[in-house]
Amino acid sequence: DADPALRARYEAENVQLEQMAMSQDLSRQSNMIYTIPVVVHVVWRTTAQNISDQQILSQIDALNEDFARLNADTTNTPAGFQSVASATPFRFCLAQTDPSGNATNGIERRNTTTTSFSTNDNVKRYANGGLDPWDVNRYLNIWVCNMGGGILGYGELPTSGASATYGLVIAYNAFGRVGSGLLSAYNMGRTTVHEISHCFRLSHIWADDGGTCTGTDYCSDTPNQGAENYGCPTFPHYDNCSPSPGNGVQFMNYMDYTDDGCMYMFSAGQASRVNATFASGGPRNSFAQP
């Protein structure tokens, strides 16, 4: 989300999206389940970076559990947030046909000479050492590669006109739930949950406002938060935007930066927002089919 033009278009569409999230039309679609066809582009240089099919499938399982609120650690949700914790209407599967109509397992691989990638989207371009995306209006593209600078991943915010690079990029050692090279704090697939949520139009829970407490993530049931959290805070956790008493900040939300083992919920407001993104009239309504 470093592109100013993309950010401006994203912000301009937020009022429309908020209206949709509260509309009667959207409420009538609340029982729909959207199935998202995924293609995983594995761009690797070393054997460790060429992650296994099993590791990729474990990530698909994690997505389906977390977005449906079927993850076992939902039981950790504090009593103060249980009433707003919510499932979302999304399920994920690896693509079964490629853009040409041929059978596929939804995984493609390239042995690259590039040592590492950054947030400049080079991994999304074959000419720059990566792999070109499949049709962004038909597939959710995920690139898995070696990321430099300590970056775990990044996702592209959606607008009504999808860019040619729409999708997300995840570090190979923070993708999935099995694999000997996974980082110990990011071994439950939740980096991908977080970045896909950006692709589904969720903002960081602290609203990226520099701690001024004036920003918004457009979800009224996520408490105002001053900055991102790391590690595993203890509930209740307070900051300058959510001082005591009360429940404090919702650090266990997927849109914070806590360790995988300490994030385990979306809010109902977030679920409504992603639903509106894909519903009829939403910015990505052509992407997923209920």
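**Notes on a predicted model**

1. Let's start with the big picture. Among the contacts in the protein with a separation of 6 or more, 69% are between residues 24 or more positions apart. Keep in mind as you read that this is a predicted model. The secondary structure comes to 7 helices and 8 strands. Of the 290 residues in the protein, 52% are buried.

2. Helix α4 covers residues 53-67, and its axis lies 9 Å from that of α6, at an angle of about 60°. The crossing of these two helices, α4 and α6, is right-handed. Which residues of α4 meet α6 here? On the α4 side they are Gln59, Leu63, Asp66 and Phe67, and on the α6 side you'll find Arg190, Thr192, Val193, Ile196 and Ser197.

3. Now for the aromatic rings. A search of the whole structure turns up 14 aromatic pairs. One of them is Phe90 with Phe278: the ring centres are 4.9 Å apart and the planes sit at 65°, so this pair counts as edge-to-face. The cut-off behind that label is an angle over 60 degrees.

4. Ring pairs link Phe90 and Phe278 into a cluster with Tyr34, Phe67, Phe92, Phe200, Tyr254 and Phe266.

5. The charged end of Arg110 sits over the ring of Tyr126, at 3.7 Å from the ring's centre.

6. Thr258 deserves a stop of its own. You'll find Thr258 in the loop between α6 (190-199) and β8 (266-267). Is Thr258 buried or exposed? Thr258 has a relative accessible area of 2%, so it is buried; the cut-off for that word is under 20%. A polar atom of the Thr258 side chain lies 3.0 Å from the backbone oxygen of Phe251. Beyond its neighbours within four places in sequence, Thr258 is in contact with Phe251 as well as Tyr186, Asn229, Tyr230, Gly231, Pro233 and Met263.

7. Two peptide bonds are worth checking by eye. The bond from Phe235 to Pro236 is cis, with omega near -5°. Ser244 and Pro245 are also joined by a cis peptide bond, and here omega is about 0°. Where do the prolines sit? Pro236 is in the loop between α6 and β8, and Pro245 lies in the loop between α6 and β8 too.

8. Last, a couple of backbone angles. Arg69 is not a glycine, yet its phi is positive, at about 55°. Arg69 belongs to the loop between α4 and α5 (79-82). With a relative accessible area of 21%, Arg69 is partly exposed. Cys213 is another residue other than glycine with a positive phi, near 70°. Look for Cys213 in the loop between α6 and β8. Its relative accessible area is 26%, so Cys213 is partly exposed.

Methods
Residues are numbered from 1 along each chain as its sequence is written. This is a predicted model: local features need pLDDT of at least 70, side-chain atom pairs count only at pLDDT 80 or more; totals for chains, interfaces and linings use all residues. Side-chain values use heavy atoms; hydrogens and water are left out. Helices (H or I, at least four residues) and strands (E, at least two) are DSSP runs, numbered from the N terminus. Buried means under 20% relative accessible area, exposed over 50%, partly exposed in between (1.4 Å probe, protein chains only). A polar contact is a pair of N or O atoms within 3.5 Å; within protein, one must be able to donate a hydrogen and the other to accept it, and residues adjacent in sequence count only if both atoms are side-chain atoms. Contact means heavy atoms within 4.5 Å. Rings of Phe, Tyr and Trp (its six-membered ring) pair if their centres lie within 6.5 Å; planes under 30 degrees apart count as stacked, over 60 as edge-to-face and the rest as tilted. A charge sits over a ring if NZ of Lys or CZ of Arg is within 6 Å of the ring centre and within 35 degrees of the ring normal. Axes are lines fitted to C-alpha atoms, for helices over the stretch in contact, and angles run from 0 to 180 degrees between N-to-C directions. A crossing is left-handed if the near helix is turned anticlockwise from the far one by less than a right angle, and right-handed if clockwise.
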